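Here's a friendly walk through one protein chain. Have a look at the sequence and the structure first, and then we'll go through a few spots together.

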Amino acid sequence: MTRTPLLIALVAAAALAGCNNEDHTIVAGGSPSDENQAAAPKKVELPPAIVATKTYRCADNSVVTIDYFQDGKSANVHGEKGTPPTRVAADEAGKPMTAEGGYSVEGSPTASTVKVSVPGHSNQSCKA
């Protein structure tokens, strides 16, 4: 009984060994002049790391969360719950950071108060 499966396996292996005996030429890569050659990789700049995330209570009793980035020139402003963050940026570190749509942040991750402007809320002072 144990010889039958072994015999079937040997017959199957012999049948497969005789299949497709064509010559195969495998070419790896291509010539340097090949137009399909991948372009040289470009230098990629990683986004700055988050150095602080602070939640502020503003004068109108609204809550704003700000993620400050390591470059000192940008931050993410989280407005109402369920909305995606908005990136604000400045040309120089220490300057007010702004974005389209009426977003602005004036402050730093070490300050206990900042001035924030988001759509639907005027420019106001917020405390950590």
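## The chain as a whole

Of the 128 residues in the chain, 21% are buried. Keep in mind that this is a predicted model.

## Asp67, a buried charge

Let's zoom in on strand S2, which covers residues 63-69 and includes Asp67. Asp67 is buried but has no salt bridge. Which side chain of opposite charge is nearest to Asp67? That's Arg87, and it is 9.4 Å away. A salt bridge would need the charged groups within 4 Å.

Asp67 does have a polar partner, though: its side chain makes a polar contact with the side chain of His78, at 2.6 Å. Setting aside residues up to four places away in sequence, Asp67 also touches others, including Ile50, Ala52 and Thr53. Ser74, Ala75 and Asn76 are among the residues it touches too.

## Ser74 and Ala75 in strand S3

Next up is strand S3, residues 74-78, where you'll find Ala75 and also Ser74. Is Ala75 buried or exposed? Ala75 counts as buried because its relative accessibility is 0%, and the cut-off for buried is under 20%. Ser74 is buried as well, with a relative accessible area of 4%.

Beyond its neighbours within four places in sequence, Ser74 is in contact with several residues, among them Pro48, Tyr68, Val88 and Ala89. For Ala75, the corresponding list includes Ile66, Phe69, Thr86 and Met97. Ala75 and Pro48 are 27 residues apart in sequence, and their C-alpha atoms are 9.8 Å apart in space.

## Arg87 and the rings

Where does its charged end sit? It sits over the ring of Phe69, 4.4 Å from the ring's centre.

And how many aromatic pairs are there? The count comes to zero, where a pair would need ring centres within 6.5 Å.

Definitions and conventions. Residues numbered from 1 in each chain as written. Predicted model: local features only at pLDDT ≥ 70, side-chain atom pairs only at ≥ 80, totals over all residues. Heavy atoms only, no water. Phe/Tyr/Trp six-rings, centres within 6.5 Å; stacked < 30°, edge-to-face > 60°. Lys NZ or Arg CZ within 6 Å of the ring centre and 35° of its normal. Helix = DSSP H or I, 4+ residues; strand = E, 2+ residues; numbered from the N terminus. Buried < 20%, exposed > 50% of the residue type's maximum accessible area, 1.4 Å probe, protein only. Lys, Arg positive; Asp, Glu negative; His and termini not counted. Polar contact = N/O pair within 3.5 Å; in protein donor to acceptor, adjacent residues only side chain to side chain. Contact = heavy atoms within 4.5 Å.
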